[in-house]
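Notebook open, viewer loaded. I'm jotting down what I look up as I go.

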Amino acid sequence: MLSITLDAPDPAAVKARLNAIANSYLRQNVQRQSEEARRTLAFVNGQLPRLRENVNITEAAMRDYQAEQGTVDLSLEAQGILNSMATVEQRISGLGLRRAALMRTFTENHPLVESLDERRARLKEDRARIEEQMKELPDIESDYLKLARNAKVANGLYLQLLNRAQELKVTEAGVTGYVRIVDYAFKPLLPAGPSRVRILLVAIALGGVCAAGIIFLKRALARTLETPDLIERKLGLPVYATIPHSKHQSALYRSKRKKPGSGSDVLARSASTDNAIESLRSLRTSLQFALIDAKNNVITITGPTPGLGKTFVAVNLAFLLADINKRVLLIDADLRRGHTHRYLGHARTPGLSDVIAGRSKLSQSIHLIDNKGLYFMATGTIPPNPSELLVHDNFNRLIEQVSEDYDMIIFDTPPILNLTDGIITAKQSGITFLVVRGGESTIYDVEHSAKRLQQNDIKLNGVIFNDLKLSASKYGYGKYGYYNYQYKPGKPGA
């Protein structure tokens, strides 16, 4: 059973085309049947002259033998052998003709050809048995029997093939195919498709399933930290502050990229009531208690890898400390890629590397940033050997001098997993904080950073979790040191 379908915008054209295909298939089937009959008839007609000649030869040989030997009376046994032999020979010859016809289309390995060969082999075995019986007859009967057999077989085969030729002529004239058309195509009352509503519903369903699958897979494979509780639960490290994602800071960053030098880039000054700044105010309070037991007033802000917001934390924390009348010195100790000077709108030189190398005096490298008491020292000239420069005695003397002149010194250092510069600076500090970022840092980064600090006898006071997405967890309000509370100026007399 064959079913044909066709999609096209014109229903009438679809109907006509489908019916044309069905009729064409029917005609081809009839033509194929007729062609097969013609080919078989041509083969039979080609064999008839040869068989007719064979009939004449065998009959002439039989007449000559009778003229020479006279009339031969066959016994009942000889007549039975003759009939059996003639029948077997006719079957063998008929199968030979059918095999020759099949070989015009198929190979010797075709099942039909192999079946004919098996039948011919069995008939030849029967012929061999009959020939053994003929050997027991008298010579005259045996010779006559062979001639009579040949004549009878040739004549029977010729008549059989002649009848087959007549049948094929009738078949060719009135051949019909075996294919029937059950139903012709008809013009549909309604369009079969497309169903826009169904497509839309399926698309929405598949979109939802794919989105849910992607989200599930992403969460299953994600190794990044989304919330700070894993740091405390698995590593036992205190999280001093959790800084939420700040839309104001993102806007400041985009504005600075489009128009460098356009206004302040410090969130603590441009949006002092932002939740991120409130979290840093909580860190400021905790920091003052931590400094009581610290060996000095030097604070190192570092992180496992680049791009986690160390500079953002260091700069804004320095501004907040200056707000409570602290004399603060912010030092950019990233002597490889430090950019805090651009953050604050100052030149890179002179700075830290120049003071350590003796190319500049300390007083020339420190700049007043805020009238409230915030000072800044840039990286200075980028040296070819930052690590060797930081272990110089001049760096130790610089720390001792600024510790006496300022209430707090904040170092913004490079990542500690890639470089040793941050380790050297943290070794000289009383407080060390590790900054991680939600969605980027991994628990492995935090654990490996803590081990590196511990191997160098450096106490890691705690972790600052930066850029927490409020939608990602339950830590939106208050648990880690900030509140979603906006200050608004009150009305007179309120």
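Predicted model: local features only at pLDDT ≥ 70, side-chain atom pairs only at ≥ 80, totals over all residues.

Helix H9 lies across E1, E2, E6, E7 and E8, and runs at about 165° to E1. H15 packs on the sheet as well, touching E2, E3, E5 and E6, and its direction makes about 140° with that of E6.

I checked the length of the helix. H9 covers residues 275–290, and at 1.5 Å a residue its 16 residues should span 22 Å; the end C-alpha atoms are 23 Å apart, which agrees. Then I listed what is buried in H9: Asn275, Ala276, Ile277, Glu278, Ser279, Leu280, Leu283, Arg284, Leu287 and Ala290. I noted that the list includes Glu278 and Arg284. The general rule I kept in mind for reading such a list is that an α-helix has 3.6 residues a turn, so residues three or four places apart point the same way. What caps the N-terminal end of H9? I found aspartate 274 there, with a side-chain oxygen 2.9 Å from the backbone nitrogen of alanine 276.

**The sheet.** Next I wrote down the strand order. The sheet is open and has eight strands in the order E1-E8-E7-E2-E6-E3-E5-E4, with mixed pairing. Strand E1 (239–244) and strand E4 (367–370) stand at the edges with a single partner strand each, so one side of each has no neighbour in the sheet. From one strand to the next, the twist averages 25°. I also looked at strand E2 (residues 298–302): four bridges join E2 to E7, and the two run parallel. Isoleucine 299 stands opposite isoleucine 431 in E7.

**E3, inside the sheet.** Is strand E3 buried or exposed? Five of the five residues of E3 (residues 328–332) are buried, so the strand is largely enclosed by the rest of the structure. The bridge partner of leucine 329 in E5 is tyrosine 375, while valine 328 has methionine 408 as its bridge partner in E6.

**Aromatic pairs.** Tyrosine 375 sent me looking for ring contacts. How many aromatic pairs does a search of the whole structure find? I got three. In one of them, tyrosine 375 and tyrosine 406 have ring centres 5.4 Å apart and planes at 65°, so the pair is edge-to-face. Tyrosine 375 lies in E5 and tyrosine 406 in the loop between helix H15 (393–405) and E6, so this pair ties together parts that are 31 residues apart in sequence. Tyrosine 375 is buried, at 18% relative accessible area, and tyrosine 406 is buried at 8%. Phenylalanine 395 and phenylalanine 411 form another edge-to-face pair, 5.9 Å centre to centre with 65° between the planes. Phenylalanine 395 is in H15 and phenylalanine 411 in E6, so here the parts tied together are 16 residues apart in sequence. I checked burial here too: phenylalanine 395 and phenylalanine 411 are both buried.

**H17.** I ran the length check again on helix H17 (residues 443–455). Its 13 residues should span 18 Å at 1.5 Å a residue, and the end C-alpha atoms are 18 Å apart, which agrees. The buried residues of H17 are Ile443, Asp445, Val446, Ser449, Ala450, Arg452 and Leu453. What covers them includes helix H6 (229–235), helix H16 (421–427), strand E7 (431–437) and strand E8 (462–468). After H17 comes aspartate 457, which has a positive phi, near 55°.

I picked alanine 165 in helix H4 (residues 139–173). Alanine 165 is buried, with a relative accessible area of 2%. The C-alpha atoms of alanine 165 and leucine 41 are separated by 5.9 Å, although the two are 124 residues apart along the chain.

**Whole-chain tallies.** I counted 17 helices and eight strands in the protein chain. Of its 494 residues, 41% count as buried. Among contacts with a separation of 6 or more, 79% come from residues 24 or more positions apart.

Technical notes. Residues numbered from 1 in each chain as written. Heavy atoms only, no water. Buried < 20%, exposed > 50% of the residue type's maximum accessible area, 1.4 Å probe, protein only. Pairing = 2+ DSSP bridges. Expected span 1.5 Å × (residues − 1). Polar contact = N/O pair within 3.5 Å; in protein donor to acceptor, adjacent residues only side chain to side chain. Phe/Tyr/Trp six-rings, centres within 6.5 Å; stacked < 30°, edge-to-face > 60°. Contact = heavy atoms within 4.5 Å. Axes fitted to C-alpha atoms, helices over the stretch in contact; angles between N-to-C directions.
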